Amino acid sequence: MTSSFTATLALQAAANSTTFGGGHAVPGLAADNPLVALMLDNSPDCLQLLDLDGHFLFMNGPGLALLEIDDVAPLQGQPWARLWPVDAAVMVTASIEAAARGEQTRFSAFAPTPRGTPKWWDVIVSSVRGCDGAPAQIMCALRDITELKQGEIALKEALDAREALLYEVNHRVKNSLALVTSLLTLQSSHAKEPRLKQTLDEARSRIGVVAQVHQRLYQTNRHNDVDLGPFLADIAQDVVGVFDPEGRVALETDCAPDIILGLDKAVPLALLTSELITNSLKYAFDGRQGILHISLHRNDDQIHLCVCDDGPGLPAGFSVNGAGGLGMRIVGALTRQIRAQLSASNAPGACFDIVFPAESKKGTVAHGAG
Amino acid sequence: MARVDPLEVESIMKILIVEDEALLAMAMKDYLAGAGHIVVGQADDFDTAVTLAAETQPDLALVDVNLVDGDSGIEVASSLTKQRVPCLMVTSNCNPMHALDGAVGCLQKPVSPSALVQAVAAARQKVRGLPVGPVPRGLALY
């Protein structure tokens, strides 16, 4: 039996008592019924009785203790709504009107005790029916939920602090990556040997991609996963913009929406896509206009990513496993990291195809409507 | 036939890399190979690490703490130590408690090529019970 149900029975008994007007707060209430008095005195909640106009009549002993009230006499006949802070007045008045119609309402509100102790209450207001079945009085059961509310407030504050910290950390990471990129740019501008300059430019570009990946994830406010299609399309746009500032290469993207992937897969995919795009931009176009096509689709339990160009194609004998350049080594390593299959073909330009399972080996990576 | 310096042969180690970030593993492999060591395998999860260790019997395993799909490098170190494979943790968060799981030491990430090579040499000395010279910054031996 719940305490509120117990309280209902007790208050109904008290209200039906011919000696109504006694007891703890109102002398004589339930005095002829020791069981009712016992139940009222042992309730963990503050139980109050009002008349149908919402005037205070009675409060049980634990209620007096919860509200830190020594003398209940000044409350007698007071409008119950006046005992609440202004913020709660609308809810309190509405609940009295509903109870007078025989309806039950429930709300939670803040109301300090007369001594100023801050408290939150979970309040159930219902009617107490007379012998004729019509509402005769109004019963209010107030449960002290202050600890719960304080816990919620502390949790919200902790979450807000976490968000602020995350924002700050992200901001610092972004700035640090920008600093690294700038240092490499400076170093490159001072390099006299062309091969060294190219190496530094490639390093700067790779750091730049890492920074872009971080920036895009940071902007989305999603911390665990990403909608892969738009994410890769954005990264591709950025990479092409860096390596083809004149805009000779047209980027075509055909990326299905709603392929949601965990960051443990999405970030390596972004990096290896960037390497493949860079590879095409270095070798496929040779200063001429051309097309770079990126597609992403899901077929059943597999996701397919293709990066193709309309250049002269891969050299004879090219093998994804035997390619010795750093870019292809990075692609190979990242492909293995995400348990993907990498293949290359001429169609007729160079075309790299990456296929990976829509689920990780522990089954929690990719989902979505696609 | 060129004569091989026995001391040099003695210093060459068979090393297993247990690291879930492929590019970090690739970089470490290049650093170690550049110093003459033999990387006998790369693993990014518990099962692969234990299997490769049994197959290749490395002289040392370099073990990251957080592995793929939530696998624990600490459990890898514990298991490999029971297989008599010494483990040097390589992580961003070194903790002396790793010693309880058998790790001979811990190298703090990020790792430079020279620090990694020096750390491997120090770990080798430690495992063999030989005097350990100056250790690189970021390395703690247990």
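Strand 4 of chain B and strand 5 (residues 105-108) of chain B run parallel and are joined by 4 bridges. Within this pairing, B:L88 stands opposite B:G105 in strand 5 of chain B. The model is a predicted one. Strand 4 of chain B also has strand 3 (residues 60-63) of chain B as a partner, again in the parallel sense, over 3 bridges. Here B:L62 is the residue that faces B:L88 in strand 4 of chain B.

How much of strand 4 of chain B is buried? Of the 5 residues in this strand (residues 87-91), 5 are buried. In a regular strand, side chains alternate between the two faces of the sheet. In strand 4 of chain B, B:C87, B:M89 and B:T91 point one way, while B:L88 and B:V90 point the other way, and all are buried.

In soluble globular proteins, nonpolar side chains tend to be buried together.

The contacts of B:C87, leaving out residues up to four places away in sequence, include B:A61 and B:V63, B:A77, B:L80 and B:T81, and B:G102, B:A103 and B:V104.

Chain B as a whole has 5 helices and 6 strands. From the N terminus on, its elements follow the order α-β-α-β-α-β-α-β-β-α-β. Of the 142 residues in chain B, 42% are buried. Among contacts in chain B with a separation of 6 or more, 56% are between residues 24 or more positions apart.

Chain A contains an open sheet of 5 strands in the order 7-9-10-12-11, with mixed pairing. Strand 7 (249-255) and strand 11 (341-346) of chain A are the edge strands, each pairing on one side only. From one strand to the next, the twist averages 10 degrees. Inside the sheet, strand 10 (residues 302-309) and strand 12 (residues 350-357) of chain A run antiparallel and are joined by 7 bridges; A:Q302 has A:P357 in strand 12 of chain A as its bridge partner. Helix 8 of chain A lies across strand 7, strand 9 (290-299), strand 10 and strand 12 of chain A, at about 20 degrees to strand 10 of chain A.

Note on methods:
Residues are numbered from 1 along each chain as its sequence is written. Chains are lettered from A and ligands numbered from 1 in the order in which they are written. This is a predicted model: local features need pLDDT of at least 70, side-chain atom pairs count only at pLDDT 80 or more; totals for chains, interfaces and linings use all residues. A residue is buried if 20 or more other C-beta atoms lie within 10 Å of its own, exposed if 12 or fewer, and partly exposed in between; C-beta atoms are placed from the backbone. Helices (H or I, at least four residues) and strands (E, at least two) are DSSP runs, numbered from the N terminus. Two strands pair if DSSP finds at least two bridges between them. Two residues are in contact if their C-beta atoms, placed from the backbone, lie within 7 Å. Axes are lines fitted to C-alpha atoms, for helices over the stretch in contact, and angles run from 0 to 180 degrees between N-to-C directions.
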